[in-house]
Amino acid sequence: TSPELIRNFCIIAHIDHGKSTLADRMLQLTGVVQARDMRAQYLDRMDIERERGITIKSQAVRMPWAVVGEDGIETPHALHMIDTPGHVDFTYEVSRSLAACEGAVLLVDAAQGIEAQTLANLYLAMENELEIIPVLNKIDLPAAQPEKYAEEIAHLVGGEPEDVLKVSGKTGVGVEALLDRIVERIPAPTGDAGAPSRAMIFDSVYDTYRGVVTYVRVIDGSLNPRERIAMMSTGATHELLEIGVHSPEPTITKGLGVGEVGYLITGVKDVRQSKVGDTVTNQHKPATEALEGYSDPKPMVFSGLYPIDGSDYPALRDALDKLKLNDAALNYEPETSVALGFGFRVGFLGLLHLEIVRERLEREFNLDLISTAPNVIYDVTLEDGEKVKVTNPSEFPTGKIGEVREPVVRATILTPSEFVGTVMGLTTERRGVQIGMDYLSEDRVELRYTLPMAEIVFDFFDQLKSRTRGYASLDYEPSGDQTADLVKVDILLQGDQVDAFSAIVHRDKAYDYGVLMTAKLKEIIPRQQFEVPVQAAIGARVIARETVRAMRKDVLAKCYGGDISRKRKLLEKQKEGKKRMKNIGSVEVPKDAFIAALSSE
Ligand code: GTP
């Protein structure tokens with residue numbers, strides 16, 4: 001297809017504003033999916049996505065759409081719709097998907113208005129100089145207020161409220177007009193067909209049958225079947241075994257030219273060999289300069305993952321090895337904990353990424369897992385100048401510390417104006433600094449903050465939601481680091497450290513953490529033959545203490561008379577129980593107690 005007849009676009013929308021439903025309707029109207037094959041959310045393939053109703057992996061589909069000109073002549077166009085992941089954890093992937101487009105449909109629920117996430121992605125699209133097509137969705141809803149929100153959107157993106165299209169993905173109203181508008185407003189791609197080929201990878205997905213499927217957007221030149229390609233970040237070369245487009249089922253083509261969006265298969269088995277943001281070129285006629293914007297995925301949040309049943313450790317390792325094939329951002333290394341045994345320290349892009357991975361491990365690989373409280377990465381400089389990167393609180397240096405730096409985020413919070421005070425209260429508790437505030441309309445406010453990332457990964461989002469009765473929305477992106485007065489609080493049983501409970505917290509909150517954890521452990525730890533002090537300490541200084549009282553536990557006490565077999569049974573049972581015990585110094589604690597303490601957060 002010649003570039004003038006191509007339109008590349010994505011849909012920017014907040015979760016639940018109806019992106020998948022609209023995409024389904026477009027597939028149907030353009031005839032690439034027959035009505036009888038239509039199933040809800042055709043593009044969301046993973047079960048977990050379907051259940052949680054979120055899109056994790058982006059997809060690209062090609063759809064034919066003919067527009068009728070003023071002369072009555074039909075001109076067929078090829079639309080490439082690139083589905084972007086909707087969550088903050090995947091900002092980099094979103095930015096690459098946007099970079100593959102010339103335009104974006106800004107989809108807003110006509111009963112809800114703009115949300116923080118929409119706003120963040122909209123700003124990203126604007127930075128990428130995409131043509132924005134504002135659309136209000138769900139106008140069939142009785143609660144829809146299209147006039148009100150059209151005003152809000154026009155205010156935000158410029159233009160007139162009348163220019164905002166009104167559609168319903170559910171009934172199909174207005175969707176044809178939207179397809180026409182996409183052709184009319186979004187610029188055709190431009191590129192140099194004669195130049196050495198350059199194509200940008202905006203997604204890569206592991207498929208059990210086909211190996212890694214790499215989604216690309218051709219910028220210059222072309223990619224052709226059977227040619228040898230090179231990845232510009234690593235220089236690795238591969239043969240193009242298959243090249244084509246999804247429409248929406250994979251369809252082999254004779255190649256991809258300037259502006260086209262499609263997939264390629266080289267037979268590699270690991271998404272790390274086909275990295276998002278990388279440039280694909282021809283091995284024998286390579287481009288000299290890679291496309292801008294490539295960066296390696298960086299884990300931001302770490303957590304220890306342990307099998308509840310220690311014998312599952314090899315199964316957990318195999319499962320992580322498998323997941324890694326499909327997730328270039330997943331990072332892990334083995335770790336042992338006194339309290340929890342053998343496990344892994346795993347790096348994630350953010351909290352949602354953590355949840356998704358954990359859920360997939362439990363569901364797809366049938367594992368029962370416990371995870372330690374998530375933490376961010378700290379840069380610690382000791383007084384003697386030595387620098388240490390801390391990804392596990394129990395490794396926080398004990399020597400004289402010069403400076404600790406913690407990552408911060410820039411957060412955007414949208415809230416009805418009645419909750420402004422509530423939001424300010426929460427952000428202050430979490431060491432936030434306000435950097436801006438705007439009224440989007442009379443009753444909706446955008447607040448901007450810098451906040452320590454550690455304060456966000458804890459339970460910030462839950463707190464925000466519950467304190468604003470679900471009305472506020474949040475988005476954030478990493479924004480460098482800052483020095484902070486942070487200390488490591490250790491939890492000690494009978495003077496021995498319980499590694500899984502060490503935490504790095506702000507000095508002002510150390511005491512609260514200490515009191516909370518010692519009280520919790522006191523409840524959970526069974527009485528021993530002797531008194532067990534449960535302490536919280538910063539270095540050698542104890543800041544909180546509880547005591548588990550002594551109790552003599554004699555399993556034979558219940559046995560009167562001489563029934564030896566019954567006695568033996570009870571002793572056997574006690575031995576079994578002991579296997580599940582963990583020794584912290586001389587204190588025996590059932591592993592379940594640690595698990596309970598970690599999960600009741
Ligand atoms: P994510 O994949 O989580 O980003 O969600 P989404 O934006 O793709 O939303 P989805 O298409 O799954 O729709 C969310 C909910 O809104 C579903 O219950 C849909 O049935 C409903 N919905 C979508 N479009 C419309 C519409 O035009 N009218 C009405 N009444 N409901 C709609």
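**Entry 1: the sheet**

In what order do the 8 strands of the open sheet stand? I read the order as S10-S9-S14-S7-S8-S13-S11-S12, with antiparallel pairing. Strands here are DSSP runs (E, at least two residues) and helices are DSSP runs too (H or I, at least four residues), both numbered from the N terminus. I took two strands as paired if DSSP finds at least two bridges between them. I then looked up the edges and found strand S10 (237-239) and strand S12 (250-252), each with a single partner strand, so one side of each has no neighbour in the sheet. The twist averages 40 degrees from one strand to the next; axes are lines fitted to C-alpha atoms, for helices over the stretch in contact, and angles run from 0 to 180 degrees between N-to-C directions.

A note to myself before going on: this is a predicted model, where local features need pLDDT of at least 70 and side-chain atom pairs count only at pLDDT 80 or more, while totals for chains, interfaces and linings use all residues. Residues are numbered from 1 along each chain as its sequence is written, and side-chain values use heavy atoms, with hydrogens and water left out.

**Entry 2: S7, S8 and Met200**

I followed strand S7 (residues 198-207) to strand S8 (residues 211-220): 9 bridges join them, and they run antiparallel. Ile201 stands opposite Val216 in S8. Met200 is also found in S7, and is buried at 5% relative accessibility. Buried means under 20% relative accessible area, exposed over 50%, and partly exposed in between (1.4 Å probe, protein chains only). Leaving aside neighbours within four places in sequence, I found Met200 in contact (heavy atoms within 4.5 Å) with residues including Arg96, Tyr215, Val216, Asp278 and Leu291.

**Entry 3: the annotated site**

I checked UniProt, where an unreviewed entry places the feature "binding site" at Asp16, His17, Gly18, Lys19, Ser20, Thr21, Asn137, Lys138, Ile139 and Asp140. UniProt positions are in the numbering used here, feature names are shortened, and annotations may be inferred rather than shown by experiment. I picked two of these residues to look up. Lys19 sits in helix H1 (residues 19-29) and is buried, with a relative accessible area of 11%. Ile139 lies in the loop between strand S5 (131-137) and helix H5 (146-157), and is partly exposed at 27% relative accessibility. Beyond four places in sequence, Ile139 has contacts that include Ala110, Pro146, Lys166 and Val173.

**Entry 4: the cores**

Which residues have the most contacts inside the largest nonpolar core? I found Leu330, Leu361, Tyr378 and Ile413, in a core of 46 residues. Such a core is a set of buried Ala, Val, Leu, Ile, Met, Phe, Trp, Tyr and Cys residues joined through side-chain atoms within 4.5 Å. Helix H7 (residues 313-324) gives the largest share of this core, 5 residues. A second, separate core has 39 residues, among them Ile12, Val164, Leu291 and Leu414.

**Entry 5: a hairpin**

I looked at strand S20 (residues 378-382) and strand S21 (residues 387-390), which run antiparallel and are joined by 4 bridges. Thr381 stands opposite Lys387 in S21. The hairpin has 4 residues between the strands, and Gly385 takes a positive phi near 95 degrees.

**Entry 6: totals**

Buried residues make up 52% of its 601 residues.
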